[in-house]
Amino acid sequence: MSENSGTLLVKAFTANEAIPIEGANITVRNSESGSPKILYFVQTDNSGISELLNLPAPNISYSLSPGANTLPYSQYDVIVEKDGYYTKTIKDVPIFSGIGAALPIDMIPITEDRISYIQNNSTITENDKL
C-alpha cells in the first residue's frame with residue numbers, strides 16, 4: 001500500500017455469511033459524477049473473497065485537519081454480480097489512505113419462480129435489477 005492509497009477486500013457470501021460465493025464478479029469504479037472509470041474487475045475465490053485491491057486516497061493529513069476543504073477519503077462504487085443472485089451495488093464506499101477496509105456483501109439468491117417470471121416478462125422493472 002502506497003502513502004496515498006488504501007486497500008479494499010470484498011467478501012461475497014449468502015445465508016448471513018455462512019456460505020461463500022465463488023466466482024462472483026466484482027467491479028470497482030470511482031464514484032465521481034460524469035462517466036465513472038472502472039478501476040478493477042475481479043472475481044472472488046473459493047472462499048468468497050476478492051484479491052486485495054489497492055485504491056488511491058487523499059493524503060492522511062486531510063483526515064487529521066478539521067475543516068479541510070478536501071474530503072479525507074476517496075469514494076468508490078462496488079458492484080457484485082453472480083448468476084442466480086441479485087446484483088448488489090454499494091455506492092460511495094469510503095477509502096482512507098493507509099487503511100485497509102473489508103466490505104462484506106450478503107448475496108440474495110433469486111428463487112426459481114422469480115427467474116421464470118423475469119425470463120417470461122419482456123419488461124424488466126428497476127426492482128428486477130436489484
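Predicted model: local features only at pLDDT ≥ 70, side-chain atom pairs only at ≥ 80, totals over all residues.
Visitor: What elements does the chain have?
Guide: The chain has one helix and eight strands. Starting at the N terminus, the elements run β-β-β-β-β-β-β-β-α.

Visitor: How many residues does the chain have, and what share is buried?
Guide: The chain has 130 residues, and 31% of them are buried. To be called buried, a residue must be under 20% relative accessible area.

Visitor: Why is serine 97 called buried?
Guide: Its relative accessible area is 3%. The limit for buried is under 20%. Serine 97 is therefore buried. Serine 97 is found in the loop between strand 7 and strand 8 (100-106).

Visitor: Which residues is serine 97 in contact with, beyond its neighbours within four places in sequence?
Guide: Glu3, Asn4, Ser5 and Gly6 are among them.

Visitor: Why is glutamate 22 called partly exposed?
Guide: Glutamate 22 has 49% relative accessibility. Partly exposed lies between the two limits, under 20% for buried and over 50% for exposed. Because 49% falls in between, glutamate 22 counts as partly exposed. Glutamate 22 lies in the loop between strand 2 (19-20) and strand 3 (25-30).

Visitor: What is glutamate 22 in contact with, leaving aside its neighbours within four places in sequence?
Guide: Its contacts are Thr44, Asp45, Asn46 and Lys82. Take aspartate 45: in sequence, glutamate 22 and aspartate 45 are 23 residues apart. In space they are 5.3 Å apart, C-alpha to C-alpha.

Visitor: What is said of phi in alanine 15?
Guide: Phi of alanine 15 is near 55°. That is a positive value in a residue other than glycine. Alanine 15 lies in the loop between strand 1 (5-14) and strand 2. Glutamate 17 lies in the loop between strand 1 and strand 2 as well. Phi of glutamate 17 is near 70°, again a positive value in a residue other than glycine.

Visitor: Why are alanine 15 and glutamate 17 called partly exposed?
Guide: Alanine 15 has a relative accessible area of 42%. Glutamate 17 has 49% relative accessibility. Exposed would need over 50%, and buried under 20%. So alanine 15 is partly exposed, and so is glutamate 17.

Visitor: Which strands form the open sheet, and in what order?
Guide: Four strands form it, in the order 4-3-6-7, and the pairing is antiparallel.

Visitor: What makes strand 4 (38-43) and strand 7 (88-95) edge strands?
Guide: Each of them pairs on one side only. On average, neighbouring strands of this sheet are turned by 20° against each other, direction ignored.

Visitor: How do you know that strand 6 and strand 7 pair?
Guide: Pairing takes at least two bridges. Strand 6 (residues 74-81) and strand 7 have six bridges, in the antiparallel sense. So they pair. As one example, isoleucine 79 has threonine 89 in strand 7 as its bridge partner.

Visitor: What makes arginine 29 and aspartate 77 a salt bridge?
Guide: Their side chains meet at 3.6 Å, N to O. The cut-off is within 4 Å. So this counts as a salt bridge. Arginine 29 lies in strand 3 and aspartate 77 in strand 6, so the pair ties together parts that are 48 residues apart in sequence.

Visitor: How do you know that aspartate 77 and lysine 91 form a salt bridge?
Guide: The N to O value is 3.7 Å. That too is within 4 Å, so the pair counts. Aspartate 77 lies in strand 6 and lysine 91 in strand 7, so this pair ties together parts that are 14 residues apart in sequence. Arg29, Asp77 and Lys91 are linked in a network of salt bridges. The count comes to two salt bridges.

Visitor: Are arginine 29, aspartate 77 and lysine 91 buried, partly exposed or exposed?
Guide: Aspartate 77 has a relative accessible area of 5%, so it is buried. Arginine 29 has 22% relative accessibility, so it counts as partly exposed. Lysine 91 has 54%, and the limit for exposed is over 50%, so lysine 91 is exposed.

Visitor: Which residues touch the most other members of the largest nonpolar core?
Guide: They are Leu8, Val10, Ile26, Val28, Val78, Val80 and Ile95, in a core of 19 residues. Strand 1, strand 3, strand 5 (53-56), strand 6, strand 7 and strand 8 each supply at least two residues of this core.

Conventions:
Residues numbered from 1 in each chain as written. Heavy atoms only, no water. Buried < 20%, exposed > 50% of the residue type's maximum accessible area, 1.4 Å probe, protein only. Contact = heavy atoms within 4.5 Å. Axes fitted to C-alpha atoms, helices over the stretch in contact; angles between N-to-C directions. Core = buried A, V, L, I, M, F, W, Y, C linked by side-chain atoms within 4.5 Å.
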